[in-house]
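Open the model in a viewer and keep the selection tool at hand. The stops below say what to select next and what is there.

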Amino acid sequence: MGELRLMKGNEAVAEAAIRAGCDGYFGYPITPQSEVMEYLMAEKPHERTGMVVLQAESETASINMLYGAAGTGKMVMTSSSSPGISLMQEGISYMAGAELPAVIVNVVRGGPGLGTIQPSQADYFQAVKGGGHGDYKMIVLAPASVQEMCDHVKLAFELAFKYRTPAMILSDGAIGQMMEKVVLFDPIPRRTEAELISQNPWAATGKPKTREHIIITSLDLDPAGQERVNLKLQAKYRKIQENEVLYETLGVDDAEYLFVAFGLSARICQKSMDLARAKGIKVGLFRPITLFPFPEKQMNAIGKKVKGMLVVEMNAGQMIEDVKLSVGCSIKIEHFGRFGGIIPTPDEVVKALETQIIGG
Amino acid sequence: MEEPFVKTQIRKDENIVYKRTSLLVDRPLSYCPGCGHGVVHRMLMETLEEMGIQDKTIGVSPVGCSVLAYDFMNIDMIGAAHGRAPALATAIKRLWPDKFVFTYQGDGDLAAIGTAETIHACNRGENFTIIFINNGIYGMTGGQMAPTTLPGMRSSTSPYGRNVLTMGHPLKITELIANLPGVNYVTRQAVHTPNHVRKTKKAIRKALEQQKENKGIAFIEVVSNCNSGWKMTPVQSNKWMEENMFPFYPLGDIKVDGKLVQSSEVAK
């Protein structure tokens, strides 16, 4: 068993990056995630593993630093919060187009605009549906605990390199700031230069005489060529959809009703389940862990067993669209949400279930 | 039938005094005839070949006329988003300190949309080389006004000439950069005559050699023509460049070994 520590979610992300063998972190301060870079700077990862940490001049620069380093096959990560992630969309789109692996952590805060520094889940659409320009998707993981903030960093790197695509950890200000115990995984050594080159033959690492020069780009001016790029990306996303779905269920065996929630909302719904069950309401919880790939088949199957679903999100109703697309229109599916940094209470979630689904 | 015969007869080792470097891919350049880009590409690639560092070099290409530079330069390259090349190069060099890293950027890319990335990479004293082609116009998109377009100069978005009162002044970003402590070498060159081409090549060599010593940014501006965008013949455009661009963007070293050159515009 790994090392047990009491940590903030943001600190767990930082420690996990060092332990995952990350080569470089590039970031820009923004609340509520600034502890990620603060922890890294204090920890001197350059001495621990050789990992480079650099404070960039903007989120635009951070994401393009990732793009450059990822193009050379390095394991790189950035973190930010909603307004900063909006600035990064250009770079994320370029990385998706050029098929580069990288990990981006979004500790979501309320919006739109400058919004608030309090937790929110209002960036679901941006994360899951592409966010930047063009047809692309990111792998999106939704941690619901400090433990998962740690574990998802390792998983995100694995998936990003497996599929050569950017992966996002979609957290929120509460999970980033709260302290919980976390079991840290054992450190993985950073790859050597020789390992990097042999594992990533696509990377631009300097052209030896023995191979053709490597070009990392998302540009293809020939429409037929650019369509081929798109078809290749779509085939990759289908493969991810088939193979990488992660989800968790709680109390679904006898459930008549279902909460569907990700991240922090799912933690709240666990308490709401207890409260509802004490009242005799048989309700379960379905928690997607991967938001892309969304657990479509699993949602569809469970939709045939329950009478109704309440999708609980800290936004105005975003994931509910994917739930409805997965389940269809045979049962009642409603949304309950609070916005702008307000976290719903377990009681009001139960009340929403009673009024919107059971009595509605 | 005659042509292949002539080629094979002439192309004998003993006859060759000058040839295309193998670091330039054997394909037609996408640049307009008369443009300076091809010459700078060649000087850069010849220098890498002479230094024997093809396998240790990672280049970053921009968005603009030279967006396809990676198709012509036979080295590993990454195509940046518009203006972001210095951010890419920063991370590449930091994670591969033993490689030679350069960006190749135009005036719109480096001095407008990428100003923040340029200034901050230079100010941090990153250890890579920036090659900046300044022709005072957006060539790729069809001749729009650039940050370096001269006062009164016509472009498709300043059709009556650049009015500095409403359109702002041309940005002498090279002088600005020379004042930053993280910058070690700044020079402004041209490639419209053999003499200038030789000087530019020397500057490129000096800039790349400097990377071995971790001295900070080496910045080479090449004032170049855009005969298509300027609506001139190549010969006219070079003459116009000498008469109009050079007085505003004077050629020569601006900073050498971390010290401003006394005769330069900055020091005056």
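This is a predicted model: local features need pLDDT of at least 70, side-chain atom pairs count only at pLDDT 80 or more; totals for chains, interfaces and linings use all residues.

**First stop: a residue in chain B**

Select Leu176(B), which is partly exposed, with a relative accessible area of 42%; buried means under 20% relative accessible area, exposed over 50%, and partly exposed in between, with a 1.4 Å probe and protein chains only. Leu176(B) sits in helix H8 (residues 173-178) of chain B; helices (H or I, at least four residues) and strands (E, at least two) are DSSP runs, numbered from the N terminus.

Residues are numbered from 1 along each chain as its sequence is written, chains are lettered from A and ligands numbered from 1 in the order in which they are written, and side-chain values use heavy atoms, with hydrogens and water left out.

**Two helices of chain B**

Select helix H4 (residues 85-95) and helix H6 (residues 115-123) of chain B. Their axes are 7 Å apart and the helices pack at an angle of about 35 degrees; axes are lines fitted to C-alpha atoms, for helices over the stretch in contact, and angles run from 0 to 180 degrees between N-to-C directions. Pro86(B), Ala87(B) and Thr90(B) of H4(B) make the contact with Glu117(B), Thr118(B) and Ala121(B) of H6(B), where contact means heavy atoms within 4.5 Å. The residues of this contact divide into three nonpolar, two polar and one charged; Ala, Val, Leu, Ile, Met, Phe, Trp, Tyr, Cys and Pro count as nonpolar, Asp, Glu, Lys and Arg as charged, and the others, Gly among them, as polar.

Go to Gln54(B), in the loop between helix H2 (37-51) and strand E1 (57-61) of chain B. Is Gln54(B) buried or exposed? Gln54(B) counts as buried because its relative accessible area is 10%. Leaving aside residues up to four places away in sequence, Gln54(B) touches Lys207(A) and Lys209(A), as well as Leu23(B), Leu48(B), Asn74(B) and Ile75(B).

Next, select Asp71(B) in helix H3 (residues 69-72) of chain B. Asp71(B) has 17% relative accessibility and so counts as buried. With residues up to four places away in sequence not counted, Asp71(B) touches Ile215(A), Val25(B) and Arg27(B).

**Helix H10 of chain A**

Move to chain A and select residues 223-243, which form helix H10. The 21 residues of H10(A) reach 30 Å from first C-alpha to last, close to the 30 Å expected at 1.5 Å a residue; the expected span is 1.5 Å times one less than the number of residues. Colour its buried residues: Gly225(A), Leu233(A), Lys236(A), Tyr237(A), Ile240(A) and Gln241(A). Seen down the axis of H10(A), these fall within an arc of 165 degrees, so they line one face of the helix; the arc is that of the directions from the helix axis to the C-beta atoms. Among the exposed residues on the face turned away are Pro223(A), Glu227(A) and Arg228(A). The elements packed against the buried residues of H10(A) include helix H5 (82-98) and helix H7 (146-163) of chain A.

**Helix H14 and its neighbour**

Select helix H14 (residues 346-358) of chain A. Its 13 residues should span 18 Å at 1.5 Å a residue, and the end C-alpha atoms are 17 Å apart, which agrees. Buried residues in H14(A) include Val349(A), Val350(A) and Leu353(A). The buried residues of H14(A) fall within an arc of 155 degrees seen down the axis, so they line one face. Asp347(A) and Lys351(A), on the other side, are exposed.

The axes of H11(A) and H14(A) come within 8 Å and cross at roughly 60 degrees.

**Last stops: backbone details**

Which kind of peptide bond joins Gly111(A) and Pro112(A)? The bond is cis, with omega about 0 degrees. Another cis bond runs from Phe292(A) to Pro293(A), with omega near 0 degrees.

Finish at Lys231(B), a residue other than glycine whose phi is positive, near 60 degrees. Lys231(B) is exposed, with a relative accessible area of 69%.
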